[in-house]
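Student: I have a model open and would like to learn how to read its features. Could you take me through some of them?

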Amino acid sequence: MKLKKQVTVCGAAIFCVAVFSLYLMLDRVQHDPTRHQNGGNFPRSQISVLQNRIEQLEQLLEENHEIISHIKDSVLELTANAEGPPVLLPYHTANGSWVVPPEPRPSFFSISPQDCQFALEDRGQKPELQMLTVSEELPFDNVEGGVWRQGFDISYSPHDWDTEDLQVFVVPHSHNDPGWIKTFDKYYTEQTQHILNSMVSKLQEDPRRRFLWAEVSFFAKWWDNINVQKRAAVRRPLVGNGQLEIATGGWVMPDEANSHYFALIDQLIEGHQWLERNLGATPRSGWAVDPFGHSSTMPYLLRRANLTSMLIQRVHYAIKKHFAATHSLEFMWRQTWDSDASTDIFCHMMPFYSYDVPHTCGPDPKICCQFDFKRLPGGRINCPWKVPPRAITEANVAERAALLLDQYRKKSRLFRSNVLLVPLGDDFRYDKPQEWDAQFFNYQRLFDFLNSKPELHVQAQFGTLSDYFDALYKRTGVEPGVRPPGFPVLSGDFFSYADREDHYWTGYYTSRPFYKSLDRVLEAHLRGAEILYSLAVAHARRSGLASQYPLSDFTLLTEARRTLGLFQHHDAITGTAKEAVVVDYGVRLLRSLVSLKQVIINAAHYLVLGDKETYHFDPEAPFLQMDDTRLNHDALPERTVIQLDSSPRFVVLFNPLEQERLSVVSLLVNSPRVRVLSEEGQPLAVQISAHWSSATDMVPNVYQVSVPIRLPALGLGVLQLQLGLDGHRTLPSSVRVYLHGRQLSVSRHEAFPLHVIDSGTSDFALSNRYMQVWFSGLTGLPKSIRRVDEEQDQLMNMEFLIYGTRTSKDKSGAYLFLPDGEAKPYVPKDSPVLRVTEGPFFSEVVAYYEHVHQVVRLYNLPGVEGLSLDVSSLVDIRDYVNKELALRIHTDIDSQGTFFTDLNGFQVQPRRYLKKLPLQANFYPMPVMAYIQDAQKRLTLHTAQALGVSSLRDGQLEVILDRRLMQDDNRGLGQGLKDNKRTRNCFRLLLERRTVGSEVQEGRSTSYPSLLSHLTSAYLNTPVLALPVAKRQLPGSGLHSFHPLASALPCDFHLLNLRTLPGEEDNLPSANTAFILHRKGFDCSLEAKNLGFNCTTSQGKVALGSLFRGLDVGFLQPTSLTLLYPLASPSNSTDIYLEPMEIATFRLRLG
């Protein structure tokens, strides 16, 4: 009590000092004579004086904001030390609803005014090409274009090159999918190793030869299997002399629609680090010929990795035609928020249908195919246009060279420079020595002939991608990466993609959602494991206990990085591989998930021990159990049931968020008689519920105990579970089951009040401290929502829909979405059984339909957890034939044809519903969120897995949950989608209100989530991990919570990773880590709620030196994104600054 008084007095004193300081500062503004003298420099007009005063006030407000922030931190420090965790004892009100009293410890929400400016500014000059505008203005008319069917006839004059020769770079390449029709290993064994082995010998035969490679995953596997002599030949002459270029340098060529930016960066780091260590190579140019549409996140990441140029291919044919006609196929790609061109990267868009040889030499595939010398008569493949290639001889070289030059010249007319890029390759090309000889000998004869005729004004040669870009920069007179004079600037993205007719590749945004979900589970575990491992190793080294710690877990981390990287491949996370290949990916994902749980368990074990000297690593008997297990790669997880007996059981809770977090943690136990105690032994209030196996059956002897707990940022908490009943604190859920006339028996248990309603269908409501949600008594789905401080309900009606596919020749498949018209309502065979659970900390409605079990849960907690609806859909459509299941949300939001989807979880892209395009063209990828808004409110659908989303009418959002399709869609896969799994899709629905006086800027190319929205997404995507201590422990077990951060990160910062870097030996860690931070852009115009923790921003400044408790920053160096380039020398200062939206990497040593 005495301590509480001291805290109160101290807090009050600090507050008084702050107010007095502010008064003195204001007084100084009025009376400071030096300010008047300074003011004399301005023209003596009222406006100047006023402007000066406003600037002074702004400066003072800023100073005041910083003072207040420091005060808050001090008060909270005192408060935190003064008392243990708060005990929230809920109570029932007269109307039967639960009330959780407010915490004794208030939390702050304090945003600097400067930090709100970013989202309000329309920054920088408007780019010439804004993709949203281009799509609105293009007719998308698909007019027949002659030999270039999707384009137009190209004409030229032979004198066009009289003043400057045409310089042609033919770039031999082989596109190797790390899994598609065959598994990764089968492709390697049967094709890829032969390509790379031949490459070493064939490139050395002639120094003029060149070759381009992209996928480091394959290259690394090959490298491990070749001898020292071969490795030396690859390093030099091939890489060293520029004969072999590794383009992009990622572990794979990733999908850009479904991949999350954590995984995109991680596979880029893995590839770049491997190249630096083994080849001494640093990629300069990006090469993405096969991803099905392109995201503007990729140019940002490549630019921050210090690449200067990039190439893309799969773009809607109508956009390609438009860009070709306006000489805009090469442009500077700039981020929408960029005001100073710092994100610009030079981008080349390939103009024609495909990256294969018939579509790369020029506009006429019939002619270009004749110059693919793998198709010479007698081979296994030929030209579909029925005119085969002819080997080049002295007799025919003049005629063949003239035919090819005509194509080169026509293609060149589509570009602004007289440097021409001609890729020469296709999938898994150059796998036999004969193909190397056929292509290189025949082309060299053509080049020798062309180059010997000065009157033709052409210079042709083999080149790499960077050879091409270097020559273009030289011709246009700029440094690499600088905007050449007259070239346009573009912002936006290239979704959604159609390769012909109305064949939109929008199906793969949802295809195989089970694995899209597993991908994100693995990603969250990888990030958590990286951070905990790095912290545990740093603490162990500092304590001199590194020899006791399993440093070899680093091998498991490396394997998991590579598994996650492999799955970002554009035929893996997309769901577009053969069934056997999907199984191979699934097995890899599960193996790595289990490994990462081991890494987390080993690190958590070390970090929660009070006495580190007692630490003993025993691989046979792990200290902690896993939170859940999966019986198979395609099974849903089963949570661990904690067996209670006379000894107390302890549970370690890991919060992977960089912010303190108040969450409800649910554990499964074997008795309803359970007491839960805090780390200090304080009894906690809990909600106890039955565990159900179906709509009406309880699982015998398994119960769910749910406890609200506050966990430290990136830290570990400890709970104690005991057998026994605490009538005040062990609070049972009550259950109502609506049978809708179905004759079913319902399990009962004396611990839980249960009420069965045989035939009632009246609507009902659930509520928490922020909102009341009305549900249909018939469907069990939400109908409306009302905030407690508003009179009026907002429409929020949920329904399930079915899309069929066309009956004509082209049908939906793994890639394409070709519906047979608008969706029809989902009509179940029987009315759903509804189960309504109400309790102090959460209430939920579960609607059991034949093909989907829909759970809508409301948490009764202050802060982030309580401000949104938790929604999950357990989908099983294994009996469907050519159908897709969708969830649609209707609201009364006046969205005016506009909706917003994220790109890779990194940025938000405005979308317009375009009536001129078919329904399927209006679907977009949704890796983490989509929203609609009007002048009053915004509704955001947050998702824990990538799915396809659209808004087909004002006020609607709809998401495709799963698709089952019986046929191939003629894009090479040769299979439909028939291997569906029981899949759980998880969402959060967040309804936000705009602050009074804030405007929605129409037609802006940027939009940002609120801070609350960012945090809601983080809670959904990084759940708390609950790890039971395996052995029975004595009550004084010496387990302590772990608080790694000494000060809070500003809440607009996200710690993307703390990734331990490899040491001299690949399988052991170095002392250095990659510390990767992202400062998020956010919208302040949505009402700021109390988030349940202390949320402050700091204008992008972070003091790293004092961030980690018990660890010093021994070394800090800013680097490029993937650590290949130092951006500054290491400095003693540990204060860093980031602009909004920026991602920054630092080489960091903790000790």
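Tutor: Contact means heavy atoms within 4.5 Å. A word on the source: this is a predicted model, where local features need pLDDT of at least 70 and side-chain atom pairs count only at pLDDT 80 or more, while totals for chains, interfaces and linings use all residues. Residues are numbered from 1 along each chain as its sequence is written, and side-chain values use heavy atoms, with hydrogens and water left out.

Student: Where is Leu1011 found, and is it buried or exposed?

Tutor: Leu1011 is found in helix α19 (residues 1011-1021). Helices (H or I, at least four residues) and strands (E, at least two) are DSSP runs, numbered from the N terminus. Buried means under 20% relative accessible area, exposed over 50%, and partly exposed in between, using a 1.4 Å probe and protein chains only. Leu1011 has a relative accessible area of 4%, so it is buried.

Student: How do I read a helix pair, and at what angle do α16 and α17 pack?

Tutor: Axes are lines fitted to C-alpha atoms, for helices over the stretch in contact, and angles run from 0 to 180 degrees between N-to-C directions. Angles under 35 degrees count as roughly parallel, over 145 as roughly antiparallel, 65 to 115 as roughly perpendicular and the rest as oblique. Helix α16 (residues 513-542) and helix α17 (residues 553-567) pack at about 150°, with axes 10 Å apart. The two are therefore roughly antiparallel to each other. For handedness, a crossing is left-handed if the near helix is turned anticlockwise from the far one by less than a right angle, and right-handed if clockwise. The crossing of α16 and α17 is left-handed.

Student: Which residues of α16 and α17 meet?

Tutor: On the α16 side they include Tyr515, Leu522, Leu526 and Tyr533, and on the α17 side they include Phe554, Leu557, Leu564 and Phe567. By class, this contact of α16 with α17 has 10 nonpolar, 1 polar and 5 charged residues. Here Ala, Val, Leu, Ile, Met, Phe, Trp, Tyr, Cys and Pro count as nonpolar, Asp, Glu, Lys and Arg as charged, and the others, Gly among them, as polar.

Student: What does Ser592 contact?

Tutor: Leaving aside neighbours within four places in sequence, Ser592 is in contact with Leu522, Glu559, Ala560 and Thr563. Ser592 lies in helix α18 (residues 579-608) and is buried, at 1% relative accessible area.

Student: Which helix pair is oblique?

Tutor: Take α6 (184-204) and helix α14 (residues 433-451), which pack at about 45° with their axes 9 Å apart. That makes α6 oblique to α14. α6 passes α14 in a right-handed crossing. Ile195, Ser198, Met199, Lys202 and Leu203 in α6 meet Pro433, Trp436 and Asp437 in α14.

Student: How many residues of helix α7 are buried?

Tutor: In helix α7 (residues 216-223), 7 of the 8 residues are buried, so the helix is largely enclosed by the rest of the structure. Among them are Phe218, Phe219, Trp222 and Trp223. The buried residues pack against several elements, including α6, α8 (228-239), α9 (261-278) and α17.

Student: What should I look for in the backbone?

Tutor: Most residues other than glycine have a negative phi, and most peptide bonds are trans. In this model, the peptide bond from Arg236 to Pro237 is cis, with omega near 25°, and Pro237 is found in helix α8. A cis peptide bond also joins Phe495 and Ser496, with omega about -5°. Ser496 lies in the loop between β14 (489-491) and α16.
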